[in-house]
Number of protein chains: 2
Amino acid sequence: MELNLNSPLLENAIAELAKLPGIGHKTALRLALHILRQEKSMAHDLGNSIITMRDNIKYCTRCHNISDKDICPICGDHKRDSTTVCVVENVKDVLTIESTHVHHGLYHVLGGLISPLDGISPSDLEIESLIERVEKEGIEEIILALSPTMEGDTTNFYIFRKLSHLPVKVTMLARGLSIGNELEYTDELTLGRSIQNRMPFTNSFNKNN
Amino acid sequence: MELNLNSPLLENAIAELAKLPGIGHKTALRLALHILRQEKSMAHDLGNSIITMRDNIKYCTRCHNISDKDICPICGDHKRDSTTVCVVENVKDVLTIESTHVHHGLYHVLGGLISPLDGISPSDLEIESLIERVEKEGIEEIILALSPTMEGDTTNFYIFRKLSHLPVKVTMLARGLSIGNELEYTDELTLGRSIQNRMPFTNSFNKNN
């Protein structure tokens, strides 16, 4: 869309907004015009909240989850099982797994996945600190909860190898049919895997996790 | 979505982002986490571009279009027909109409539509300044290019009445079938109107507007 907006100020704001994921030029224009129609204070609140968040956000020094304190509330919760640590790609995955209410242990946020194509190597991620935790914290089980993608599998394998000399059980999320999806619409790879990894029949409706 | 994000900074940024139209809580979370993964300079550029735009944007003193100067490039373009003025709701509509390359006159941006339900009365809009322009600028035709909605029609009628004592032709955008849409899928109101307002057959493919 080539538009003459007659205003470098507006064009600049649109260009910055359009850098956000899922926001194209047209949406950015709509957002900018909306902001122009609001009170000045709204633009200040929005702009400053973005800058302040980015400048001052802290991460838990133990699990690298977002936290305003040195230790996040999950790591600081003594009722949680500190012997089981769930390894996730990012902060959002912590929220997603928390929303299932099934994991009662701690987390370890890698901050990404190994991806040579994107120039992300193991040293860019919180893998060394994970190994250290396993060595020092008496962790009994590491649950690898990464996406079932090539990058996720590469990262899984890398961590698995790094942990192989340590006395810790390493598990990963089950892969199989999505609950509620019809067999017909399941992709062949998933279906094939779920035949290979078939499991003993249990009445999962009565099974309490 | 009730999530414990462990960070008032993040929660605040999400709340501000979610005030934007079309951006819900989930999208706001995704945007905020994206911003956290970028360099600090990106957050500063984005935040400051929004604040600077809102603080420093100017509007053309003649047509109220966005402009970094007192008079916008369209009003300042002497090749355009200053006797024909197209009245639009907002700045975006100027861009939309410009993209048709059919209107060669000037514009007048109202800044909204009359909407008693939303508390927008004629005095909130640039209607008085439109009357003044008609009285002073030798305008021969006012093209009302407002949305075919209740608010648009109310505003059309209000302006038409205000201009009725002045020697100016008032026209409005044709309403009828959308080009390329099948008759079958045209709503009844539009179809009924386009029968009432049927026009002499012309070979519009050759017609050079």
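How many residues apart are Glu137(A) and Arg133(A) in helix α6 of chain A? They are four residues apart, about one turn of the helix. The points below set this pair in its surroundings.

1. Basis of the note. This is a predicted model, in which local features need pLDDT of at least 70 and side-chain atom pairs count only at pLDDT 80 or more, while totals for chains, interfaces and linings use all residues. Residues are numbered from 1 along each chain as its sequence is written, chains are lettered from A and ligands numbered from 1 in the order in which they are written, and side-chain values use heavy atoms, with hydrogens and water left out.

2. The pair Glu137(A) and Arg133(A). Their side chains form a salt bridge at 3.2 Å, N to O. The term denotes a side-chain nitrogen of Lys or Arg within 4 Å of a carboxyl oxygen of Asp or Glu. Side chains of opposite charge can pair when their charged atoms come close. Arg133(A) counts as buried because its relative accessibility is 5%, and Glu137(A), at 25%, counts as partly exposed. Here buried means under 20% relative accessible area, exposed over 50%, and partly exposed in between (1.4 Å probe, protein chains only). Arg62(A) is linked with Arg133(A) and Glu137(A) in a network of salt bridges.

3. Helices (H or I, at least four residues) and strands (E, at least two) are DSSP runs, numbered from the N terminus. A salt bridge of 3.9 Å, N to O, joins the side chains of Lys136(A) and Glu132(A). Lys136(A) is exposed at 65% relative accessibility, whereas Glu132(A) is partly exposed at 40%. Over all chains, the count comes to 14 salt bridges.

4. Chain B. A salt bridge of 3.2 Å, N to O, joins the side chains of Arg133(B) and Glu137(B). Arg133(B) is buried, with a relative accessible area of 5%, and Glu137(B) is partly exposed at 26%. Arg133(B) also belongs to the buried residues of helix α5 of chain B (residues 128–136), together with Ser129(B), Leu130(B), Ile131(B) and Val134(B). These buried residues of α5(B) pack against β3 (81–88), β4, β5 (141–144) and α6 (150–163) of chain B; contact means heavy atoms within 4.5 Å. Just after α5(B), Gly138(B) takes a positive phi of about 65°.

5. Which values of phi do His64(B) and His101(B) take? His64(B) has a positive phi of about 70° although it is not a glycine, and His101(B) has one of about 60°. His64(B) is found in the loop between β1 (58–59) and β2 (66–67) of chain B, and is buried at 16% relative accessible area. His101(B) is in the loop between α4 (91–98) and β4 (105–109) of chain B, and is exposed at 63%.

6. The sheet of chain A. Four strands form an open sheet in the order β4-β3-β5-β6, with parallel pairing. Two strands pair if DSSP finds at least two bridges between them. Strands β4 (105–109) and β6 (169–172) of chain A stand at the edges with a single partner strand each, so one side of each has no neighbour in the sheet. The twist averages 25° from one strand to the next. Strands β3 and β5 of chain A pair over four bridges, and Val85(A) stands opposite Ile142(A) in β5(A).

7. Helices across the sheet. Helix α6(A) lies across β3, β4 and β5 of chain A and runs at about 150° to β4(A). Helix α5 of chain A (residues 91–98) lies across β3 and β4, at about 155° to β4(A). Axes are lines fitted to C-alpha atoms, for helices over the stretch in contact, and angles run from 0 to 180 degrees between N-to-C directions.

8. Thr84(A). This residue is in strand β3 of chain A and, at 12% relative accessibility, counts as buried. Not counting residues up to four places away in sequence, Thr84(A) touches His103(A), Gly105(A), Leu106(A), Glu141(A) and Ile143(A).
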